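Please keep the sequence and the structure in view while reading.

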Amino acid sequence: EGCSPLSAYERKRLKNITENAKFFAALKLHEVSARLRQIATKSQSHVTKRAKPKKAEEETVLRRSMRLQRVEPSGIPAAEVLAQLEAEEYPQVPAGPLPMVPEDEVENSKLAEELLTTWMRISEVLLLVRKVLPMLCRYQDSLSSMVLSQENIRKVVKYRVCSMAIHPSESLLLVAAGDKTGQVGLWNVSGRSEEGAHTFVPHSFSVTCMKFSPCNPAHLLSLSMESLRCGDVTKAVFDELCRSEEELSSFDFLDDSASSAITGCWGGSVAVVDRRAPGTSPELSADIGFRRVRTVHVHPVNRQYFLAAGSVDVCVYDVRCLKASGTRPVSSLQGHTKSVASAYFSPVTGSRVVTVCADDMLRVYDTSSLSPTVAALSTIRHNNNTGRWLTRFQAVWDPRREDCFVVGSMARPRQVELFQDTGKLLHTFTNPHCLSSVCSINVLHPSQNILVGGNSSGRLHVFKEE
């Protein structure tokens, strides 16, 4: 069929294949293989294999210390322990009148009683005449005579000083200080060294403002966020004058009789408090458009005007025009770019205002005529960056002068600075051997050459004539 014939080799190969196939067919190997496969399949179906146990893998346990877990050895979370400790160390002061009992009444009850008796005695015979020193050169000489000695340094309160007041007596030096936990300390600087200082706890939070009553220095008024109280030494009680839902920041008297006061609130409003009215609620609350109010200060002559300092605002308001909302300022003091720590009228005529601002500036304004806007009369470059652990600086006027004020300083050696309203640095109060900390809060005696500075550890430093 057209195919080429097979070779001898191919014919032999085909013959071998045919013979091998016949041989394997005679052996019946395919049938035997199929039968063995069936037997093997049946035997496997009847056998139950036992599952091999898995090797137990040891899980890696991350060990964390109790400190990282914020757990005390007792098993209580650290946050809860801290809250318990704070509640035990700083118990909340109840509302209403509180007895004027010192914190250390058991150990020093007799000495504390002597201190209160001294306060009451010097308040009965007080006749205060404000002195104004006309000659600047003579004034500078008197400043140079004021020195600090080791015996005139005393720890008066436990924690950071937030406010201070000096009793106006000329026969004896009595100083009050308030700290960040609500303590009020009294120190008779003129007394015996063993008499020391005594602390009271009329508040639950920082005592940010305190003043002796101008008409009755037996009354010490102190303000904290929750209340305004009057410590009456004649009754040995801390009366509650005002308790507000707003967090209070500062206050000042609206009249010489101290029967009414204006209070500032951290929420940006102000309130009028009348001590003669029943209850402890403010008579009037007014929104003045501030984000917050840090200090308020009443004009020394025209008592209807008061000064409010807030975030970046410093304005003069008329208390007669206050209303719940939409109160407009009489005058606005321009130039502040950051938060203002304080603003105060000059003490005799109110013709000057000094402010402390976080933009590292002290500013003095001329407020002799209250125009709608007032530009700064002088500016002083001053490091006001006190940080977290120090009370913010407040510049306060010398009560005897219209043109000089004191303010704390971050400079070394540590010092308290006294400036003239022109911006000139007149004097620095310092003593490298005794003063080693920043005195953020300072106050001057109304009629004597005495300066008291308070630091962040509760110590008071008294500069006075030897």
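A residue is called buried when its relative accessible area is under 20%, exposed when that area is over 50%, and partly exposed in between. N216 has 25% relative accessibility, and therefore counts as partly exposed. The model discussed here is a predicted one.

**The protein as a whole**
- The secondary structure comprises 5 helices and 30 strands.
- The protein has 466 residues, of which 48% count as buried.
- Among contacts between residues at least 6 apart in sequence, 54% join residues that are at least 24 apart.

**Residue N216**
- N216 is found in the loop that lies between β7 (209-212) and β8 (219-223).
- N216 and E124 are 92 residues apart along the chain, while their C-alpha atoms are separated by 8.4 Å.

**Residue N442**
- N442 belongs to strand β28, which covers residues 441-444.
- The relative accessibility of N442 is 5%, so this residue counts as buried.
- The side chain of N442 reaches the backbone oxygen of C439 at a distance of 3.1 Å.
- Leaving aside residues up to four places away in sequence, N442 touches M164, V396, V406, V407, G408, V416, L451, V452 and G453.

**The two residues side by side**
- N216, in a loop, counts as partly exposed, whereas N442, in a strand, counts as buried.

How values were computed. Residues numbered from 1 in each chain as written. Predicted model: local features only at pLDDT ≥ 70, side-chain atom pairs only at ≥ 80, totals over all residues. Heavy atoms only, no water. Helix = DSSP H or I, 4+ residues; strand = E, 2+ residues; numbered from the N terminus. Buried < 20%, exposed > 50% of the residue type's maximum accessible area, 1.4 Å probe, protein only. Polar contact = N/O pair within 3.5 Å; in protein donor to acceptor, adjacent residues only side chain to side chain. Contact = heavy atoms within 4.5 Å.
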